[in-house]
Amino acid sequence: MSFTSTKMMQKAGVVSRTPVVRSAHQVRQQARSAKHQAAPSVVAAVVPQQQLSAAARRASLACRVAAAEAPAAAGADSSSSSASNVRGDIRNIAIIAHVDHGKTTLVDSMLKQSKVFRANQDMAERVMDSNALERERGITILAKNTAIRFKGVKINVIDTPGHADFGGEVERVLNMCDGVLLLVDSVEGPMPQTRFVTKKALALNKKVVVVVNKIDKPAARPEWVVDSTFELFMDLGATDEQCDFPVVYASGVNGIAGMSPDTMSETLEPLFDTVVREVAPPAVAFEQPLQMLVTNIDYDEHKGRIAIGRVSAGTVKKGIPLSICSSLEPGKVRPGKVNELFVRPGKVNELFVYDNFSRIPVEEVQAGDICAVTGIQDIGIGETLCSKESPVALPTIKVEEPTVSMTFKVNTSPFAGKEGKFNTSKPVNTSPFAGKEGKFVTSRNLKDRLDRELERNLAMKVEPGETADAFVVSGRGTLHLGILIESMRREGYEFEIGPPKVITREVDGHKCEPYEEAIVEVPEQYVGSVVELFAQRKGEMQDMQPSIEGTTRLTFKIATRGLLGLKNALLTATRGLGLLNTIFDSYRPVAGEISMREQGSLIAFETGQVTAYAIETAQERGQLFVKPGDQVYEGQVVGVYNKSGDLKLNVCKAKALTNMRASQSEKKVALDEARIMGLDDALEYITDDEQVEVTPLSIRIRKDPSAKPSRGGSRR
């Protein structure tokens, strides 16, 4: 029960007013003081658990935690014996949150205030988002390491993605840290990805520091956010100690923080103090043999492959020989394969630590710190670097299984091999246009690139397709796979993509498919349209509650299959004002047939150049993707038909030339603006009998020559 709902029940006389705490901040103060007093008698004075709000329950559990810790406080001297087994000069933390809750912006302010950059140095926004795709889309895609210094303590910081499709990055890097900063928007509160990453952090018993970010928003509601976060912890089965989380209020963009929303410091020092105080220093074993779990792989054209991870035991030194082992292959140890171009055979070539915003070369790294090692060519994520004398593997990294797959195959369209200026390979197809487009166009090129992606992307899988030139690529969602597709086309690859398909499983003898929790924020006037849209795709509404500024938050459980292609339909139904967030929920029995797209496609009848004369009549049939002057080929999808089924038409037809002068009475028809299909739009649009042709310069949709016609048929 939330604090708000409890207040409503109090007005109705259902719940007693006496034991209810009035604000989240007061609860925090009472909880902290209760822990110091360790008074068990306070617990007895509290009313039954079911009658308390979330705020009051926090006060109750704080007393229980305090009572449990009281005996330990009396024997505090016993902890001093283990002081030599921790590194008090280091803290390892990861920043996790839902997308757009301000992780990377907060890291920018942390770096700026820790004097990472010179006073006169220009600092770009979202400096950790160094990838071109990250800057264009405004999201974090890859987890990245940095480090800052605060009062003599080195704080290793890992910036993580916020989108659910890149949850594998978060699961991977949590193995390197001892605590996490859980950012929660001061208005939105916990969102789907917040639930996912928090569940993973709690399962690994990481210390969670809740940061209520964007506290400067006019509509900020920090008390409600803290209560909602506490209820989330309870729902996830957190222990009493985990539920007693510290809270810091911050504004990442302004670089300020405080222990109360009413008393904010002018800097982020309260946040740094909380990290140093609340996150435990890494427990280490200096005298044990070397163990380092590899959690990330980087590559440098001069240094070769770079293995990144945290040293769990022992010391890694520059020039020492290493072995590789894995918990998945007990008893199997192999020497690291070396690349003579980059390394001295069998030795660690170079060793780096993260300090401020760069890699610093060092001679050795002791247990507890995060480092990067060069010199071993065949190391993979999840494997353990260990000493040759005593190789012992650490538990490997486990991530959630993929839920969506697509078929990647060699481009066989008539325009294959036409774009690009570095083409040295001959594509598989033998059309007149073959060999003129793309830098990498063969199945061998495609396989090599996908194999390289598997080396660092644990949440992705690649399997052979139905033919030798096809590969089934599985990932967490269409965005996860779409980022890979966009990266490959920018690298010069040219290929075709089949429609997204969900991955089914056999559970207790029943065929099941993945379901997701979908949360929609929408203005009140469009609630009916959203509910109707989800009902058409067999989504079940779980909750509906008012949000802020005249918006409503709707929660649905819907099959992942029903979400394919839903984004554009939702934007249309809400006039572009609806916000959709999803997270994997569970596998459930197959929902049955789901209507994915009511409208058909307009298909080019012949190969040639699009003319304005042909478009004048073609645009009456639907919305076109092409404009005069574009090159099209037979079978290419050139627009959306305004009826069901497909329609073939000639968009290359030219006006007949005669010696008759045109009549002045002839009217010129205005041409509609063509709808430009980006990669995300194309993946949302296609159905089972369509493909997306991806080249370095173009995104085209075509009918799959080997597929059966879609329902509704095709007509002239």
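Okay, so let's start with R310: its side chain reaches the backbone oxygen of M176 at 3.4 Å. Keep in mind that this is a predicted model. Where does R310 lie? It's in strand β9, which covers residues 304-313. And is R310 buried or exposed? It's buried, with a relative accessible area of 12%, because anything under 20% counts as buried. If you skip its neighbours within four places in sequence, R310 is in contact with quite a list, including N92, M176, C177, D178, P282, Q291 and D369.

The largest one has 38 residues. Which residues have the most contacts inside it? Those are V180, L182, V208, V210, V212 and F233. Now, why do we say this core lies between two domains? Domain 1, residues 86-116 plus 127-282, gives residues to it, and domain 2, residues 284-332 plus 340-386, does as well, so the core lies between them.

Let's zoom in on V180. Leaving out neighbours within four places in sequence, V180 is in contact with A94, I96, L174, A201, K207, V208 and V209. There's also another core, apart from that one, with 28 residues, and L450, V473, F495 and V640 are among them.

The C-alpha atoms of V208 and C243 are separated by 9.1 Å, and the two residues are 35 apart along the chain. C243 itself is found in helix α10, residues 240-243, and it's buried, at a relative accessible area of 1%.

Next, the aromatics. How many aromatic pairs are there? The count comes to seven. Take F233 and F245: their ring centres are 4.8 Å apart and the planes are at 45°, so this pair is tilted. It links distant parts of the chain, with F233 in helix α9 (residues 222-235) and F245 in the loop between α10 and β6, 12 residues apart. F233 is buried at 0% relative accessibility, and F245 is buried at 0% too.

Then there's F534 with F556, and that pair is stacked, 4.0 Å centre to centre with 5° between the planes. F534 belongs to helix α14 (residues 527-536) and F556 to strand β26 (residues 551-559), 22 residues apart. Both F534 and F556 are buried.

The charged end of R221 sits over the ring of W224, 3.7 Å from its centre. For R588, the charged end sits over the ring of Y515, 5.5 Å from the centre.

Terms used
Residues are numbered from 1 along each chain as its sequence is written. This is a predicted model: local features need pLDDT of at least 70, side-chain atom pairs count only at pLDDT 80 or more; totals for chains, interfaces and linings use all residues. Side-chain values use heavy atoms; hydrogens and water are left out. A nonpolar core is a set of buried Ala, Val, Leu, Ile, Met, Phe, Trp, Tyr and Cys residues joined through side-chain atoms within 4.5 Å. Buried means under 20% relative accessible area, exposed over 50%, partly exposed in between (1.4 Å probe, protein chains only). Domain bounds come from an automatic or database domain assignment. Contact means heavy atoms within 4.5 Å. Helices (H or I, at least four residues) and strands (E, at least two) are DSSP runs, numbered from the N terminus. A polar contact is a pair of N or O atoms within 3.5 Å; within protein, one must be able to donate a hydrogen and the other to accept it, and residues adjacent in sequence count only if both atoms are side-chain atoms. Rings of Phe, Tyr and Trp (its six-membered ring) pair if their centres lie within 6.5 Å; planes under 30 degrees apart count as stacked, over 60 as edge-to-face and the rest as tilted. A charge sits over a ring if NZ of Lys or CZ of Arg is within 6 Å of the ring centre and within 35 degrees of the ring normal.
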